[in-house]
Amino acid sequence: MGFQALNGQFSLMKNINEIEELIKLISKLPGLGPKSAKRIVLKLMNSRDELMKPMANTLNEVYKNVSRCKACGTLKSNSVGCNNCENKDKKFNKICVVENISDQWSIENSSIYQGYFHILGGTLSSSNQRKEDLLITSLVDRVKKDSIEEVIIATSATVEGQTTAHYIKNSLKETKAKVSKLAQGLPVGGEIESLDDGTLFSAFKNRS
Ligand SMILES: [Zn+2]
């Protein structure tokens with residue numbers, strides 16, 4: 001008899017502090033509420049060696065070894081270094097500025113663009129987002145250091161995204177780079193991550 005026997009009687013798990021804490025934490029993940037968190041915890045309890053143990057170890061490893069690069073904002077392994085901005089084999093003359101890593105993944109998957117990425121980590125107006133956390137100063141540094149010729153701003157078509165784009169454009173005035181923006185073809189309110197390849201392609205092609 002596995003833990004499944006407890007399914008439906010979640011109250012039984014209530015006085016186990018560790019389980020309660022785990023459910024609380026998992027509920028904070030995107031797309032998950034308390035109900036799905038409980039199902040996940042049950043699944044983990046039923047697969048202690050195959051799932052729970054490797055997951056706990058992997059989480060710990062990722063926590064220790066992977067972090068956001070302070071220069072470009074992408075994820076990097078501390079042992080390997082950043083293969084976005086420290087990649088010496090490939091030289092590009094373009095940087096594409098996006099809000100989140102998921103935006104970078106969408107653009108990479110579509111193979112529309114060849115160049116560096118710069119991940120802001122949010123927008124200017126998002127709540128509890130401080131200007132200095134957005135890596136705009138480091139963007140200006142990168143543009144100068146890598147002799148970048150074009151900066152493509154691919155923030156989303158929301159008010160926050162456009163305010164951020166405007167601010168970035170002003171910050172880049174001291175550099176020689178041409179600044180373009182994905183505008184046409186982007187639906188208003190459209191987030192890069194949720195665009196299909198065709199829309200993304202025309203947004204890149206028609207950048208201004
Ligand atoms: Zn980097």
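Helices (H or I, at least four residues) and strands (E, at least two) are DSSP runs, numbered from the N terminus. The model is predicted, so local features were required to have pLDDT of at least 70 and side-chain atom pairs were counted only at pLDDT 80 or more, whereas totals for chains, interfaces and linings use all residues. Residues are numbered from 1 along each chain as its sequence is written, and side-chain values use heavy atoms, with hydrogens and water left out.

The protein chain contains 7 helices and 6 strands. Along the sequence, these elements are arranged as α-α-α-β-β-β-α-β-α-β-α-β-α. Of the 208 residues, 38% are buried, where buried means under 20% relative accessible area, exposed means over 50%, and partly exposed lies in between (1.4 Å probe, protein chains only). The accessible surface of the chain is about 12700 Å², with 52% belonging to carbon and sulfur atoms; accessible areas come from the Shrake-Rupley method with a 1.4 Å probe, and for residues only the protein chains shown count as cover. Among contacts (heavy atoms within 4.5 Å) with a separation of 6 or more, residues 24 or more positions apart account for 55%.

Ala-71 is located in the loop between strand E1 (66–68) and strand E2 (75–77). Its relative accessibility is 28%, and Ala-71 therefore counts as partly exposed. When residues up to four places away in sequence are not counted, Ala-71 touches Cys-85, His-118, Ser-138 and Arg-142.

Helix H1 spans residues 17–27, and its buried residues are Ile-19, Ile-23 and Ile-26. Viewed down the axis of H1, these residues fall within an arc of 70 degrees, so they line one face of the helix; the arc is that of the directions from the helix axis to the C-beta atoms. Helix H2 (34–46) is included in what covers the buried residues of H1. The face turned away from the buried side carries the exposed residues Asn-17, Glu-18 and Lys-24.

Across the whole structure, 5 salt bridges were found, a salt bridge being a side-chain nitrogen of Lys or Arg within 4 Å of a carboxyl oxygen of Asp or Glu. One of these joins the side chains of Lys-24 and Glu-21 at 3.9 Å, N to O. Both residues lie in helix H1, 3 residues apart, about one turn of the helix. Lys-24 is exposed at 51% relative accessible area, whereas Glu-21 is partly exposed at 40%.

In helix H3 (residues 48–65), Lys-64 and Glu-61 are likewise 3 residues apart, about one turn of the helix. Their side chains meet in a salt bridge with an N to O distance of 3.6 Å. Lys-64 has a relative accessible area of 48% and is partly exposed; Glu-61, at 38%, is also partly exposed.

The side chains of Lys-144 and Glu-174 form a salt bridge at 2.8 Å, N to O. Lys-144 belongs to helix H5 (residues 136–145) and Glu-174 to the loop between H6 and strand E6 (178–181), so the pair ties together parts that are 30 residues apart in sequence. Lys-144 is partly exposed, at 45% relative accessible area, and Glu-174 is exposed, at 56%.

A nonpolar surface patch is formed by Val-62, Val-66, Leu-75 and Trp-105, which together have about 350 Å² of accessible area. Patches are made of residues with over 30% relative accessible area and no salt bridge, with like charges joined within 9 Å and nonpolar side chains (Val, Leu, Ile, Met, Phe, Trp, Tyr) within 5 Å. Trp-105 lies in helix H4 (residues 101–110) and is partly exposed, with 48% relative accessibility.

Ser-171 lies in helix H6 (residues 159–171) and is buried, with a relative accessible area of 16%. Ile-136 and Val-140 are touched by Ser-171, not counting residues up to four places away in sequence.

A search of the whole structure found 0 disulfides, defined as pairs of cysteine sulfur atoms within 2.5 Å. Cys-72 is buried at 0% relative accessibility, and Cys-82 is buried at 2%.
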